[in-house]
Amino acid sequence: MGGGGALIVAYLSIIVLLPIAALVSHGFSISVAGRGAGLAFWRWHVSFGFRTFWSAVTATGARNAIFLSLWLSFAVAAINAVMGVAIAWVLVRDRFFGRTFLDSVIDLPFALPTIVAGVVLLAIYGPDSPIHVDLFETWMGLMLALLFVTLPFSVRSVQPVLASLDLDSEDAARTLGASGLRTFFSVVLPSLWPSVLAGFGLAFARAIGEFGSISLIAGGVPRTTTASYYIFNLTAGFLWTDAAAVSTALVVLISANVFARRFQKRLL
């Protein structure tokens, strides 16, 4: 490994790997061993064993929040995977007035602070909605917010791949009598599939940890409390032990899912 590779590894270790390793080792491994563990957060101190850890992650609020985050994130990533391909297709293959403007709008969630997105969504889909659609304190409101902030990942993952595809294969399929739909599923989609999966993964990861855009429209009621919102409420109440335990459980669940997908892909 050259000097550049070593620098990259060192940077990723400091920024990503060390914080995650510290969280998992203090919050999960030591808890499973059943021994008390200490983890300092500013001037507060967290100490818990397996029984405390299990009690925190199996509490009704924690279970509901984690379940809500997981299924919402999966649904949002799946919906935007489909819509991302459709939008990328229009941007790449069609020529129409306002195409450049539409292409720029796709990146708006990247530039817009998520809390501002939450304010805008609450103004449009809140109790005083100008279009008379009230999604305040509903899972549909959460889904709409998550769809908004994750859309660019799905579109931008597919768009450059679609733009680089050779059109000769599609022309040949049509010459042989294949319909437009069959050509897409037989010729185009197999080439796009890796980028679609990449966009799905990015959207899922962003949705599972999103807080700003959903914090207002969630309303703070239990039925719309996601894992990130639940952890925030715990830290706001200085319940560091429970917050660390739930955070650890969430990291372990997501990591297990990532490694399972990697292992399955290698087997296939």
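Q: Where is E170 placed?

A: E170 is in helix 8, which covers residues 168-175; helices here are DSSP runs of H or I with at least four residues, strands are runs of E with at least two, and both are numbered from the N terminus. Please keep in mind that this is a predicted model, in which local features need pLDDT of at least 70 and side-chain atom pairs count only at pLDDT 80 or more, while totals for chains, interfaces and linings use all residues. Residues are numbered from 1 along each chain as its sequence is written, and side-chain values use heavy atoms, with hydrogens and water left out.

Q: Is E170 buried or exposed?

A: E170 has a relative accessible area of 2%, so it counts as buried. Buried means under 20% relative accessible area, exposed means over 50%, and partly exposed is in between, with a 1.4 Å probe and protein chains only.

Q: And what does E170 touch?

A: Leaving aside residues up to four places away in sequence, E170 touches W89, R93, T183, V187 and V188, where a contact means heavy atoms within 4.5 Å.

Q: What about R93 and W89, how do they sit?

A: R93 lies over the face of W89, at 4.4 Å from the ring centre. The rule for a charge over a ring is that NZ of Lys or CZ of Arg is within 6 Å of the ring centre and within 35 degrees of the ring normal.

Q: How many aromatic pairs are there?

A: The count comes to 7 aromatic pairs, using rings of Phe, Tyr and Trp (its six-membered ring) whose centres lie within 6.5 Å, with planes under 30 degrees apart called stacked, over 60 edge-to-face and the rest tilted. One of them is formed by W89 and F184, an edge-to-face pair with 5.7 Å centre to centre and 80° between the planes. That pair links distant parts of the chain, since W89 is in helix 3 (residues 60-93) and F184 is in helix 9 (residues 180-209), 95 residues apart.

Q: Which other ring does F184 pair with?

A: F184 also pairs with F185, edge-to-face, at 5.3 Å centre to centre and with 80° between the planes.

Q: How accessible are W89, F184 and F185?

A: F184 is at 18% relative accessibility and therefore counts as buried, whereas W89, at 24%, counts as partly exposed, and F185, at 48%, counts as partly exposed too.

Q: Changing topic: how do helix 8 and helix 9 cross?

A: Their axes come within 10 Å and cross at roughly 145°, where axes are lines fitted to C-alpha atoms, for helices over the stretch in contact, and angles run from 0 to 180 degrees between N-to-C directions. In this crossing S169, E170, A173 and R174 in helix 8 meet T183, V187 and V188 in helix 9.

Q: And how do helix 7 and helix 9 cross?

A: The axes of helix 7 (residues 139-164) and helix 9 come within 8 Å and cross at roughly 155°. That angle is why helix 7 counts as roughly antiparallel to helix 9; angles under 35 degrees count as roughly parallel, over 145 as roughly antiparallel, 65 to 115 as roughly perpendicular and the rest as oblique. The residues of helix 7 that meet helix 9 include T150 and F153, and those on the helix 9 side include V188 and S191.

Q: What does F110 touch?

A: Not counting residues up to four places away in sequence, F110 touches P152 and F153. F110 is found in helix 5 (residues 108-111) and, at 43% relative accessibility, counts as partly exposed. F110 and T150 are 40 residues apart in sequence and 9.0 Å apart in space, C-alpha to C-alpha.

Q: Which loop holds H132?

A: H132 is in the loop between helix 6 (114-125) and helix 7, and at 73% relative accessibility it counts as exposed. H132 has a positive phi of about 60° although it is not a glycine. E137 is found in the loop between helix 6 and helix 7, and E137 also has a positive phi of about 60° without being a glycine.

Q: Last one, how many helices and strands are in the chain?

A: The chain has 12 helices and 2 strands, and 35% of its 268 residues count as buried.
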